[in-house]
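Here are a few friendly notes to read alongside the model. Take the points in order, and keep the structure open as you go.

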Amino acid sequence: QVQLVESGGGLVQAGGSLRLSCAASGIFFSINVMGWYRQAPGKQRELVAIINSDRTITYADSVKGRFTISRDNARKTVYLQMNSLKSEDTGVYYCQVRTRQEYWGKGTQVTVSS
(Lines give C-alpha, C1' and ligand atoms only; values in the text may rest on other atoms or scores of the structure.)
Protein backbone atom coordinates (compact mmCIF):
# COMPACT_ATOMS: atom_id res chain seq x y z
CA GLN A 1 0.00 0.00 0.00
CA VAL A 2 1.42 3.37 -1.03
CA GLN A 3 1.73 5.97 1.70
CA LEU A 4 2.96 9.54 1.58
CA VAL A 5 3.68 10.97 4.99
CA GLU A 6 4.12 14.73 5.19
CA SER A 7 5.65 16.58 8.12
CA GLY A 8 7.01 19.99 9.01
CA GLY A 9 3.96 22.19 8.80
CA GLY A 10 2.98 24.60 11.53
CA LEU A 11 2.45 28.19 12.58
CA VAL A 12 5.13 30.75 11.79
CA GLN A 13 5.37 34.51 11.68
CA ALA A 14 5.76 36.34 8.41
CA GLY A 15 9.38 36.35 7.34
CA GLY A 16 10.04 33.03 9.02
CA SER A 17 10.94 29.64 7.62
CA LEU A 18 9.60 26.11 7.57
CA ARG A 19 10.85 22.89 6.02
CA LEU A 20 8.36 20.32 4.78
CA SER A 21 9.20 16.67 4.22
CA CYS A 22 7.29 13.94 2.45
CA ALA A 23 8.39 10.33 2.69
CA ALA A 24 6.94 7.76 0.29
CA SER A 25 6.61 4.09 1.10
CA GLY A 26 5.16 1.10 -0.71
CA ILE A 27 6.36 2.37 -4.11
CA PHE A 28 8.40 -0.12 -6.10
CA PHE A 29 8.52 1.62 -9.47
CA SER A 30 10.80 4.48 -10.39
CA ILE A 31 9.50 7.81 -9.15
CA ASN A 32 9.36 10.26 -12.02
CA VAL A 33 8.08 13.42 -10.39
CA MET A 34 7.87 14.56 -6.78
CA GLY A 35 6.25 17.79 -5.83
CA TRP A 36 4.27 20.07 -3.60
CA TYR A 37 0.90 21.69 -4.12
CA ARG A 38 -1.10 23.89 -1.78
CA GLN A 39 -4.68 24.90 -1.24
CA ALA A 40 -5.68 28.09 0.52
CA PRO A 41 -9.15 28.47 2.04
CA GLY A 42 -11.73 29.06 -0.68
CA LYS A 43 -9.22 28.55 -3.48
CA GLN A 44 -8.27 25.75 -5.83
CA ARG A 45 -5.23 23.58 -5.27
CA GLU A 46 -2.20 25.04 -7.03
CA LEU A 47 1.30 23.96 -7.93
CA VAL A 48 4.07 25.12 -5.62
CA ALA A 49 7.08 23.22 -6.95
CA ILE A 50 7.93 19.95 -8.67
CA ILE A 51 11.22 18.17 -9.25
CA ASN A 52 11.70 15.57 -11.96
CA SER A 53 13.88 12.49 -11.88
CA ASP A 54 16.50 14.38 -13.91
CA ARG A 55 16.45 17.11 -11.23
CA THR A 56 14.78 19.70 -13.42
CA ILE A 57 12.59 21.93 -11.29
CA THR A 58 9.51 24.05 -11.79
CA TYR A 59 8.40 26.68 -9.29
CA ALA A 60 5.27 28.76 -9.11
CA ASP A 61 6.12 32.39 -9.81
CA SER A 62 4.86 33.35 -6.37
CA VAL A 63 7.51 31.27 -4.57
CA LYS A 64 10.54 31.71 -6.82
CA GLY A 65 13.56 32.89 -4.87
CA ARG A 66 11.96 31.96 -1.53
CA PHE A 67 11.25 28.22 -1.72
CA THR A 68 13.63 25.39 -2.60
CA ILE A 69 12.56 21.87 -3.51
CA SER A 70 14.88 18.89 -3.30
CA ARG A 71 14.63 15.12 -3.29
CA ASP A 72 16.46 12.14 -1.87
CA ASN A 73 15.85 9.20 -4.16
CA ALA A 74 17.35 6.65 -1.79
CA ARG A 75 14.93 7.71 0.94
CA LYS A 76 12.07 8.38 -1.52
CA THR A 77 11.64 11.71 0.17
CA VAL A 78 10.96 15.18 -1.15
CA TYR A 79 11.62 18.37 0.78
CA LEU A 80 10.40 21.93 0.53
CA GLN A 81 12.45 24.62 2.24
CA MET A 82 10.28 27.70 2.63
CA ASN A 83 11.94 30.99 3.54
CA SER A 84 10.65 34.56 3.80
CA LEU A 85 7.15 33.24 4.33
CA LYS A 86 4.21 35.53 3.66
CA SER A 87 0.63 35.41 4.88
CA GLU A 88 -0.46 34.44 1.37
CA ASP A 89 1.57 31.22 1.72
CA THR A 90 -0.97 30.00 4.26
CA GLY A 91 -2.75 26.81 3.26
CA VAL A 92 -2.68 23.06 3.29
CA TYR A 93 0.40 21.71 1.53
CA TYR A 94 0.09 18.40 -0.29
CA CYS A 95 2.84 16.12 -1.46
CA GLN A 96 2.46 14.45 -4.85
CA VAL A 97 4.43 11.55 -6.30
CA ARG A 98 4.12 10.26 -9.86
CA THR A 99 5.22 6.88 -11.05
CA ARG A 100 2.94 5.07 -13.46
CA GLN A 101 0.23 6.49 -11.22
CA GLU A 102 -0.27 9.62 -9.20
CA TYR A 103 -0.30 9.59 -5.43
CA TRP A 104 -1.17 12.29 -2.91
CA GLY A 105 -0.44 12.83 0.73
CA LYS A 106 -3.10 13.90 3.22
CA GLY A 107 -1.66 17.38 3.57
CA THR A 108 0.02 19.44 6.24
CA GLN A 109 -1.19 22.82 7.43
CA VAL A 110 1.05 25.86 7.05
CA THR A 111 -0.15 29.06 8.71
CA VAL A 112 1.78 32.30 8.36
CA SER A 113 0.72 35.07 10.72
CA SER A 114 1.26 38.67 9.71
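1. A word on classes before we start: Ala, Val, Leu, Ile, Met, Phe, Trp, Tyr, Cys and Pro count as nonpolar, Asp, Glu, Lys and Arg as charged, and the others, Gly among them, as polar. Please also keep in mind that this is a predicted model.

2. Let's begin with the largest pocket, which holds about 190 Å³ of space. It is lined by 13 residues, and those closest to its centre are Arg-38, Ala-40, Lys-43, Glu-46 and Glu-88. Sorted by class, the lining has 7 charged, 4 polar and 2 nonpolar residues.

3. Next, the disulfide. In general, a disulfide is a covalent bond between the sulfur atoms of two cysteines. A search of the whole structure turns up 1 of them. It joins Cys-22 to Cys-95, with 2.1 Å from S to S. This pair ties together distant parts of the chain, since Cys-22 sits in strand β3 and Cys-95 in strand β9 (residues 91-98), 73 residues apart. The link is left-handed, at -80 degrees about the S-S bond. Both Cys-22 and Cys-95 are buried.

4. Strand β3 (residues 18-25) also holds Ser-21. Is Ser-21 buried or exposed? Its relative accessible area is 17%, and buried means under 20%, so Ser-21 is buried. Beyond its neighbours within four places in sequence, Ser-21 is in contact with Val-5, Glu-6, Ser-7, Trp-36, Val-78 and Tyr-79.

5. Now move to Ala-49, in strand β5 (residues 46-52). Ala-49 counts as buried because its relative accessibility is 0%. Setting aside residues up to four places away in sequence, Ala-49 touches Gly-35, Trp-36, Thr-58, Tyr-59, Ile-69 and Leu-80. Take Trp-36 as one of these: it is 13 residues from Ala-49 along the chain, yet their C-alpha atoms are separated by 5.4 Å.

6. Last, two backbone angles to look up. Most residues other than glycine have a negative phi. Arg-55, however, has a positive phi near 75 degrees, and Lys-76 has a positive phi near 50 degrees. Where are they? Arg-55 lies in the loop between β5 and β6 (57-59), while Lys-76 lies in the loop between β7 (67-72) and β8 (77-82). Arg-55 is partly exposed at 44% relative accessibility, and Lys-76 is partly exposed at 26%.

Terms used:
Residues numbered from 1 in each chain as written. Predicted model: local features only at pLDDT ≥ 70, side-chain atom pairs only at ≥ 80, totals over all residues. Heavy atoms only, no water. 1 Å grid on protein atoms, 1.4 Å probe; cavity = no way out; pocket = protein on both sides within 12 Å on 5 of 7 lines; lining within 4 Å. Points joined across faces, edges and corners; volume = space filled by probe spheres on them. Helix = DSSP H or I, 4+ residues; strand = E, 2+ residues; numbered from the N terminus. Buried < 20%, exposed > 50% of the residue type's maximum accessible area, 1.4 Å probe, protein only. Contact = heavy atoms within 4.5 Å. Disulfide = S-S within 2.5 Å.
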